[in-house]
Amino acid sequence: PTLSGACTSIDKAFIKILLPSIQRQKKMSVSNTADVPTLSGAYINIDTVKKPTVVADRRTKIICTLGPACWDVDQLETLIDAGMNVARFNFSHGDHKGHKACLDRLRQASANKNANVGVLLDTKGPEIRSGFFADGATKIDLVKGETLTLTADYSFLGSSKKLACSYASIATSVTPGQSILVADGSLVLTVLSCDVESREITCRIENNASIGERKNMNLPGVVVDLPTLTEKDIRDIQEWGVKNGADFIAASFVRKASDVHKIREVLGDEGKDIQVICKIENLEGLENYPEILAATDGVMVARGDLGMEIPPEKVFLAQKMMIREANIAGKPVITATQMLESMISNPRPTRAECSDVANAVLDGTDCVMLSGETANGEHPTAAVSIMAHTCCEAESAVNFDSLYQAVRNSTLSKYGHLSTSESIASSAVKTAIDVNAKAMIVCSESGATACQVAKFRPGRPVTVLTTSARAARQCYGVLKGMKSTILPSLQDTERLVNDCIEQFKKDGIAKSGDAIVVVHGTHARVGGTNVMRIQYA
């Protein structure tokens, strides 16, 4: 039993299924929804379809982008009730003052609901955009088959014959035959020639289109000469993220491990506990994914730009590969973009959208993310609620015993052994399965032990006890199946555990005599976890 996706990998011709049949037999994936090598879905029957959804059992976390549709205190409270675990602040829009006011309202709503909602700063990142138009035009019409010149002179005011491009190295980066996608792919250009001296390229227009000013441009397969962090990103991180106690930095356009090291430098000592989430958005990032994964705290499968940079029919392969590797590394992974896109205007999602969310959960994602659905959609609370219900239904089809074995076997297959902390976490989860423990308690100062326990997918309620408010938000925010409680001290472990078990009994999670697995340290300090035991309610 190994994690699914073992046969997906990366090569320079985008993403391919690599292994021939003999290797495929050696690495046969076992479905997480069955207990033997068999067709998936063995745990799904008509009763599964008919039974009510128990949203309280949801393990997959939900990230909501904040915006005008949901940023008042009462609206934020309804999102928290519906299932929001992390609030995303999109720094492609707004200013520091506006984001700070929204953060203040979020923290008020979180306090009102006694919820440890995480705060994620999503950087704008570098971008390539088309320029402005001449004669006050607001849009231009482009005709299939005609030619269009792109110039790196961004002061040039364009027309349907010639447009400015913000990327200074456009003429040296692309070659004839390559494609350029404009306005989220609504306009496709094919490069015909490059004039390095004039910094211009000539393209053929592949489809009729009308576009406005400053539209995004993608150069599929091109290694672009742009920094991961712009001056704006650095200001946003240091002057807003660090200053206001953000819990996560979602770094746009990460392409190599050195990008992660640069972000940590920018965070400095004051922001050293802020976790870095790398957004993988192009082929270069995919090719360097193992090194990026080793350096980062978590990963976001940013399917929007990724679908522009690689063929859209291959995005699901990239998603499966990235989720699987993150699961093995024990690092949280977020699946994002267009998950319930139609709910920006519609009260119900499409069936395809619900299937997309469910398949991400079955792939092993820790979190799913909503963007425009909550930021400026007409039905933000309904979007979160439907997302939560869909996650629960997908989780109900998972055999967590087999999933535990798959994670453990895949880790041993890749690394040859478990680390000390992984071994304790693995043993705790296996014990919980063997004794049919109703819940687990993890005492964790920094959240690191909780992250290791989450890696092995316990399949039962887990409460993290910590003295750190940030660790509590990070655990509750992105670690699958984790809830958190902030305590003034972890010194009196026995009393704290007993209090937690009593709360389990009040909440109906456990009854007298039920087994509870406890993971803690003999000393209340970071890195001190060395005890796993069974306690009875």
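Predicted model: local features only at pLDDT ≥ 70, side-chain atom pairs only at ≥ 80, totals over all residues.

Val442 stands opposite Val464, a residue of strand E20.

**Strand E20 and its side chains**
- Strand E20 spans residues 462–466 and is mostly covered, with five of its five residues buried.
- In a regular strand, side chains alternate between the two faces of the sheet.
- In E20, Val462, Val464 and Thr466 point one way, whereas Thr463 and Leu465 point the other way, and all are buried.

**Neighbouring strands and connections**
- Strand E19 (residues 439–443) runs parallel to E20 and is joined to E20 by four bridges.
- A right-handed β-α-β unit is formed by E19, helix H17 (residues 448–455) and E20.
- Strand E21 (residues 482–486) also pairs with E20 in the parallel sense, over five bridges.
- Thr485 in E21 is the bridge partner of Leu465.
- E20, helix H18 (residues 469–478) and E21 likewise make a right-handed β-α-β unit.

**Loop residues with positive phi**
- Arg199, a residue other than glycine, has a positive phi near 60°.
- Arg199 lies in the loop between strand E10 (187–195) and strand E11 (200–205).
- Because its relative accessibility is 37%, Arg199 counts as partly exposed.
- Phe253, also a residue other than glycine, has a positive phi near 65°.
- Phe253 is located in the loop between strand E14 (248–251) and helix H7 (257–267).
- The relative accessible area of Phe253 is 15%, so Phe253 is buried, the cut-off being under 20%.

Methods
Residues numbered from 1 in each chain as written. Heavy atoms only, no water. Helix = DSSP H or I, 4+ residues; strand = E, 2+ residues; numbered from the N terminus. Buried < 20%, exposed > 50% of the residue type's maximum accessible area, 1.4 Å probe, protein only. Pairing = 2+ DSSP bridges. Right-handed = clockwise from strand over helix to strand, strands pointing away.
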